[in-house]
Amino acid sequence: AGNVLVVGAGGVSSVAVHKMAMNPEIFGTITLASRTKSKCDDIAASVKQRTGVEVATRGLDAMDVAATVALIRETGAELVVNLALPYQDLKLMDACLEAGVHYLDTANYEPEDEAKFEYHWQWAYQDRFKAAGLTAILGSGFDPGVTSVFATWLRKHKLEGIRRLDVLDCNGGDNGKPFATNFNPEINIREVTADAKHWENGDWVVTPAMSHKVSFDFPGVGPKNMYLMYHEELESLSTHFPEIERARFWMTFGDAYINHVTVLQNVGMTSITPVVHDGVEIIPLQFLKTVLPDPGDLGALTKGKTCIGDIATGPAKDGSGEKTYYIYNICDHEACYAEVGSQAVAYTTGVPAMIGAAMLLGGHWSAPGVWNMEQLDPDPFMDMLNTQGLPWEVHELDAPVSF
Ligand code: NDP
């Protein structure tokens, strides 16, 4: 078993740490470190109660590279699992290089003052990780993460190549609140208020946020409105699968959610440009996060299911012409809460983070360098999804998508 240092103690981290503790043959000593140590202690107490496993806890500001390096050395971790915020990615990659350990995260780096969702900052670490003989795995959540592995699995086993790809992310859950986000509100609102962007015929097509709506009948959930959005895996998938002619990302939102975001945007509350209020500089979006419900508190209230997956069209491997497959997971909010005390959005991100870490510690994904999930062998990861709570299904569709 390998020792790990998990950084960040939010919703995703809580799930990942519970699931690591449930796999003691893979994970040795687990140390959980975050800015607010009491949140680590709360997670450790729940893990102890549910699994009997002791998790060590520490306070850490991940922007302090020297402090992170010292903690990595003290814990003997082989791997840092970054479940803090996208702003910490580069500092944690720096710390891993300095301490000589592997790295894994679930979201690409972003500077705090720009919402760009681009990989170039992290891809620039490729040579340094290779030279050090270390592995960095980027985006081991659900999307990016599982949806990238789904595409790779289809390309390995069913299709010669992917010509058209649609990633469909449906949350059919209801938490009873007029407005609450399912994960970190600041990151969520940065994503949904950004321009929509999809890849088509070798270029990006940009459209206004939330302007393209389609109703889709999701397995296990039923019909929902989904909106075209930009999501970071579109950049890496269109780079690594150069045959892709069109790649799009869709996410479901209810009318009430859209109305709230529209009003908040119109009044300036989603802005990331600092303003001075009563002599204090604040960032409106960060203040909004402070007043919104903490997604971690919604677990007990959330009912319903998520259904996230890919529809891919391309030439069949067996030469039988063009084929379309839909591959997805359905996850139940209440079942997740019963198992690890979190709702399905945190669960569907935290479990793949644990599996990605298991791939690295188990030597399945060990090539030195910086990798997106679709560059790695999908098979052992797909097997573990089935045994670790995120079973998947694949079905052939009669025709490509018509929307
Ligand atoms: P939360 O906001 O719940 O948790 C983030 C944690 O990081 C908090 O405990 C926070 O500490 C800690 N943190 C923030 N800054 C620092 C710092 N400088 N040093 C140490 N710790 C810090 O976020 P989520 O759990 O919802 O999300 C975690 C990550 O997962 C995010 O990057 C998010 O973008 C990503 N994600 C990825 C998905 C995917 O499918 N790929 C889906 C959903 C999320 P404090 O408590 O003190 O604020």
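Visitor: Hi! Which domains does the domain assignment give for the protein chain?

Guide: Domain 1 (2-138) and domain 2 (146-340 + 391-397). Keep in mind that this is a predicted model.

Visitor: What separates the centres of domain 1 and domain 2?

Guide: Taken over C-alpha atoms, the two centres are 24 Å apart. Domain 1 puts twelve residues into the contact and domain 2 puts in 13 residues.

Visitor: And by class, what's on the side of domain 1 that touches domain 2?

Guide: That side has six nonpolar, four polar and two charged residues.

Visitor: Where does the ligand lie relative to the domains?

Guide: Between them, because domain 1 and domain 2 both give residues to the shell around the ligand.

Visitor: How many residues surround the ligand, and which are the closest?

Guide: There are 34 residues around the ligand, with Gly8, Gly10, Arg35, Ala62 and Gly141 the closest. The shell divides into 16 nonpolar, 14 polar and four charged residues.

Visitor: Which helix gives the most to that shell?

Guide: Helix H1 (residues 11-21), with three residues.

Visitor: Switching topic: how do the axes of H3 and H4 cross?

Guide: Helix H3 (residues 65-75) and helix H4 (residues 89-99) have axes that come within 9 Å and cross at roughly 50°. H3 and H4 are therefore oblique to each other, and their crossing is right-handed.

Visitor: Nice. Which residues meet there?

Guide: From H3 come Val65, Thr68, Val69, Ile72 and Arg73, and they meet Lys91, Leu92, Asp94, Ala95, Glu98 and Ala99 of H4. By class, the residues of this contact of H3 with H4 are six nonpolar, one polar and four charged.

Definitions and conventions. Residues numbered from 1 in each chain as written. Predicted model: local features only at pLDDT ≥ 70, side-chain atom pairs only at ≥ 80, totals over all residues. Axes fitted to C-alpha atoms, helices over the stretch in contact; angles between N-to-C directions. Helix = DSSP H or I, 4+ residues; strand = E, 2+ residues; numbered from the N terminus. Parallel < 35°, antiparallel > 145°, perpendicular 65-115°, else oblique. Left-handed = near helix turned anticlockwise from the far one by under 90°. Contact = placed C-beta atoms within 7 Å. Nonpolar A, V, L, I, M, F, W, Y, C, P; charged D, E, K, R; others polar. Near = placed C-beta within 6 Å. Domains from an automatic or database assignment.
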